[in-house]
Every structure is written in C-alpha cells, then in structure tokens.
Amino acid sequence: MRIWIITSGRKKITEDWREAVDGSRTTPKTPIVLFRPGNSPDSAKIGSSMSKVRRATHAGSWYNDSGDELRHQLEGWLNKAKSLQHPARAIIAPHAGYYYCGSCGAHAYKHVDATRVKRVFILGPSHHVRLSGCALSTTEKYQTPLFDLHIDSKIYEELYATGSFENMSLDTDESEHSIEMHLPYIAKVMESRRDEFTIVPILVGSLSPEKEQHYGKLLSRYLADPESLFVISSDFCHWGRRFHYTDYDQTKGEVWQSIEALDKKGMDIIEKMDPVGFTKYLLDYQNTICGRHPIGILLNCIDAIRKNGNGYKMSFKFTKYSQSSQCTSLQDSSVSYAAGCLMFH
C-alpha cells in the first residue's frame, strides 16, 4: 500500500542547520543573475581581484574553516572507507553539511587516483536560481581552507564556444553550495598534485531529457579522457512535509525503510547506466533527488561513449548509502545520501 500526502503552500527555510542538511532554501537568495558570455555586468569586473576569486562562503558553518582541522577530519573519513579494485573516472557524492554527509562522501572520494587526474569537472545542481541550461563561473579560482583551486580557462573557452553555456554572476556562484561542498574533498585527495590540476565547475539547471542528452554528448569526450575526473553532486530523497514529498510504501516497513527502497530502486538504474530508465523512474516516483539533472548528464555521457563504439568497458557501483535520520512518522523528515563510482576497465 502506497500513501501520498499532498501539502499546499511553501515555507521559507532559513535555519542554517536545516539548509546544511539538504540545501533546501525554497526562496531564491539572490535575483536571477545569469548572462550570456561577454554580455554580463560582471565581465566589466573581470580584471578586479574580487571577481577573480570565489570565496569559501560555507566554510565555518557547513564545514570546518580551519585547514588543519578540516584535513584531519577528511583523512579520518577517507581512512575508514574501503577501496574498490579500479580507480573512479566519475563519482556521485552528496553536498550537505559535513556533519550529515561527510563520512558518506569519503566512500566516493576514496577511489580517486590523483596520479591520473589533471582536471576535475564538478557538476552541481542550481538551488537558488532558475536555469534551463548550464552555467560557468566568471572567476579564476575557488578558495578552500586547504588551498585554492584554479579553473581551467582552456576548457571553459571550449565549452563557451559550443554556445550551450551561460555565465553565472559572482553572487550566484557564492550562494550555491552544491559545487563548494566538494572542493575541500577535491583539495584533500589531490593535495599531492596541488599545482598540477585544474577544476571545471558547471552549474546545472532544470534540464529536459533532451537537454540532458545534449550536454551528455557534449561532455562525453572529456569523460572519455583518462586524465579527467567527473564529480556529480547530488543528495537523494528529501522526505517529509517540508519537502512536499511524503511517499510511503507500507509494505517496505518503517518510513525510513520505504525511503531506502525508493532510493535504491533509482540507484539500481544508475548502476545499469540507463538514462532512459532513470528518467522514467523519476516520472513514476517523483523522487526528490536534487542532483537528478547532473546524474542525467553523466548517464547520457556514458551512453554517448557507448554509441561511439570505441570499445570502452564501464561499470558503476554504489559504495555507501545513508540518511540524515530514520523517519518513523509523517511528522519526521530526512535527506538521503549516496556515494558511487564509475569505472573504466
């Protein structure tokens, strides 16, 4: 038996702790500030030091702002995670506050081989602005408490040349957490090569299946490059009245067990690397996976590589699943987190 409770209205969530669980700010923090390359008001400021650097705006609240303490914390989580046989070419990992999902993320980042990676693509969903495509940063580097990460200007030029990418303003960039929450982990696992790699942050909007396929084809040549790492930023089910999602299949047991079964149904489809099946799953169950569009792009990247007939053998495996809390009633709420790895063989 499946129970649906539909609620009306939408509350503005402002508590730092609540947003750190799920990034669920329901009202845009800033105006819609997306521009065509070259036509942005920020383009006039590119020469200033302010526009060249994206600050670590969530440090000190969502994660530790002390470099030494943060490094120690990340090392602890990574040391507890188990390794797979093959290094990851792409990972899916959560973007909530580290108190809730930091340990889960380690089960993805454990499989990054820093000796192979020269550029890290980070695809994060847009939480604060409406965006029907994808957008790129106007800055040159992103700060972290460990060390600064430099944007790959050459790759950005190639992406802009396709005509498929907007600019995001500095305000939008610094308000968004879905990319920032991966930067400390990237800095940690890549610290042995801190001056030898670049990042390619991409903000992903609410894409149609056709646009997911378009961006998947466009980015597939980079995923096929063994010197690339793709980081797909996503939490999984956001459950509870405050998320306007209370699907409960009583045949699965407690509420939290129903949520887990729902998430793992989607995770199974991702492991099959089936973009069409994942789209159908989302339509059928309406699961509130906030990074569904970055995941959709990844699945379409894989599909494009397969169709090119270049002989690559790929597999995807989830290595960890957790929830912020275990819901037992319709008054509870939770967010799910998962870590997974795409491997080339």
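Q: What makes Arg54, Tyr142, Met168, Asp173, Glu176, Ile179, Glu180 and Leu203 lining residues of the second largest cavity?
A: Each has an atom within 4 Å of a point of that cavity, a cavity being a set of points on a 1 Å grid where a 1.4 Å probe fits but cannot get out. These eight names therefore form the lining of the second largest cavity. The model is predicted: local features need pLDDT of at least 70 and side-chain atom pairs 80 or more, whereas totals for chains, interfaces and linings use all residues. Residues are numbered from 1 along each chain, and side-chain values use heavy atoms, without hydrogens and water.

Q: How are the residues of this second lining divided by class?
A: The lining of the second largest cavity has four nonpolar, no polar and four charged residues. Asp173 and Arg54 are among the lining residues, and both count as charged because Asp, Glu, Lys and Arg form that class.

Q: Which residues line the largest cavity, and which helix gives the most to its lining?
A: The lining consists of Pro94, Tyr98, Cys101, Gly102, Gly105, Tyr109, Met181, His182 and Tyr185. Helix H4 (residues 98-109) contributes five residues, the most of any element. By class, six lining residues are nonpolar, three polar and none charged. The space in this largest cavity is about 40 Å³.

Q: Why is the pair of Lys188 and Glu75 called a salt bridge?
A: The closest N and O atoms of Lys188 and Glu75 are 2.8 Å apart. The rule asks for a side-chain nitrogen of Lys or Arg within 4 Å of a carboxyl oxygen of Asp or Glu, so the pair qualifies. Lys188 lies in helix H7 (residues 183-189) and Glu75 in helix H3 (residues 67-80), so the bridge ties together parts that are 113 residues apart in sequence.

Q: How do you know whether Lys188 is buried or exposed?
A: Its relative accessible area is 10%. Buried means under 20%, exposed over 50% and partly exposed in between (1.4 Å probe, protein chains only), so Lys188 is buried. Glu75, at 30%, is partly exposed.

Definitions and conventions. 1 Å grid on protein atoms, 1.4 Å probe; cavity = no way out; pocket = protein on both sides within 12 Å on 5 of 7 lines; lining within 4 Å. Points joined across faces, edges and corners; volume = space filled by probe spheres on them. Helix = DSSP H or I, 4+ residues; strand = E, 2+ residues; numbered from the N terminus.
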